Amino acid sequence: MLVALNVTGKALFLVRTHNQFYPVYRESKRLGKSFGFVVGKPNVCPFSSGDVESIDIDCRRCEINLATGVEFGEQPASLVSKLRQEGLANGFCPYHSLLFSSKSTEVVAMTYPYLFLPWLRESLDFNLEEYVVIIDEAHNLDTISDLGERRLSRATLSSAMSQATSELVRNILSKLQHKLSALPEVGERYLLINDPPTLEADELELLQDEYEALRAKMTEQRKIGRNHLGSVLRFFLSLREPGRKVFLNGGSLVSKNPDPAFQLDVLNQKTLPLILMSGTLPPLNYIQKVWGLTKDIEYLDVERALPTTVQGKREWLLAKDVTTSFQKRSDVMWGKYASYLMRIYHVSRANVLALVPSYEVLRKVLGRLKGINVLPEDSRTSMEDLSRAAENGKVLILAVNRGKLSEGIELTNGGRSLISDVALVGIPFPSPDDYSKLRAEAIAARTGVANEELLVRIPALIAVKQAIGRALRNPGDSVTVWLLDKRYDSPWWKARLGAFNPRKIVL
Ligand code: SF4
């Protein structure tokens, strides 16, 4: 932040979630710098139910579409709830007030979509040239394509049908639902759909009219909920964008551009000074080739540059008799993994974080864990669930790499980690599916380079380092890392992890 403020006098801090605004607010205050932030309309608009998309909130028809000056004197979460109440009572818009007031502060915090989604970036009307952009947790840029994805599921179509008033639109949606029902079941992997369902121009127009009418009605009634007609419409409109492919994944059609450089191109603006920050930033070569950054970059490895550790101590163990390699997967192997996890649980000083490569592996291992306190990740698991489980005694958290919990877990007390052991079940290579294949092809077409290290090993390395980092929240923390896959026993992995002499173990 100090570097940014020294360069242009203004810092635009981009974080992954709203929860991460707080440290930016705290540091700004500590340094005596003025702080502002922008949250999405769904979070701060007093008429929004919260689970809506920004684009579905039509401010043009709103009676309180007025901005007023905001004092950023308290922490972001409490200021947001206060503004929601005051905006309604006093007739001003909390969202536009935050936006307006943030333009004159030295430090501004926002989430990634405000920079990487073009329509949202333009709606801000910020002069980016005035700022140094700081991207926090920048390793997340590797999955930036997820930000621009559009999904279409049968559930969305059903909800859209119940919102449609025209018989014609209901028929269009029903036809789509039948087409989706005929698609195969593919689980977690991405399957390319070469001939996805499409809509004729007149069908799209009908859908657009219904969508606009519902959007206007919700604003007029001051009750803005999820507009499913909009979700369907945007899926089909997205297919007009260059580079988009359609995949089947988890029962939904997914439209996304597999090349991360497409979404990251905004960072190549010559007049945009940039700081990428992360404890697990990929190597410079990866940033240039895979992410497509063409700027001059100065790469600083803080761990190497400083004489003392900034991330805590690590002890390494490496299991020689297990692997999640596809050829070796079997009931016997899942049994061995379960035995390892039960053993780790019993010898651990505190809680254990065990990460598996997929939900399928999670189910296989979970069914074999006996006599230990396990919290498995599912779609509803929240951070509160984790904290509660840890309060009730030692727990083994069984989570999926790159899943909902693997990056967000924050189990601490007084700033110290409550996780003493991290068990890596297998190596979290990206799934070898159509999405990975097309991503590799896009990178190869752009750079002429497509080797295994860039496409497979470095993404896995980032995921492994992220997992270990969950247990190191303070320089005084220490973690025992269990590398539960014999493929870690290679010079490449040992050098990249700094695990030069791990203790080899077998069951
Ligand atoms: S209060 Fe009105 S102007 Fe503000 S975000 Fe909500 S709909 Fe838009």
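## Salt bridges in a predicted model

The side chains of E53 and R234 come together in a salt bridge, with N and O 3.4 Å apart. This pair ties distant parts of the chain to each other: E53 sits in the loop between α3 (41-44) and α4 (76-90), while R234 belongs to helix α11 (residues 228-238), 181 residues away. Please keep in mind that the model you are looking at is predicted. R234 counts as buried because its relative accessibility is 9%, and the cut-off for buried is under 20%.

Why do such pairs form? Side chains of opposite charge can pair when their charged atoms come close.

| Salt bridge | N to O distance |
|---|---|
| D58 and R60 | 2.9 Å |
| E212 and R215 | 3.6 Å |

Now to the surroundings of D58 and R60, whose side chains meet in a salt bridge.

E212 is partly exposed, its relative accessible area being 29%, and R215 counts as buried at 11% relative accessibility.

Finally, back to E53 and R234: salt bridges with shared partners join them, together with D56 and R150, into one network.

Technical notes. Residues numbered from 1 in each chain as written. Predicted model: local features only at pLDDT ≥ 70, side-chain atom pairs only at ≥ 80, totals over all residues. Heavy atoms only, no water. Salt bridge = Lys/Arg side-chain N within 4 Å of Asp/Glu carboxyl O. Helix = DSSP H or I, 4+ residues; strand = E, 2+ residues; numbered from the N terminus. Buried < 20%, exposed > 50% of the residue type's maximum accessible area, 1.4 Å probe, protein only.
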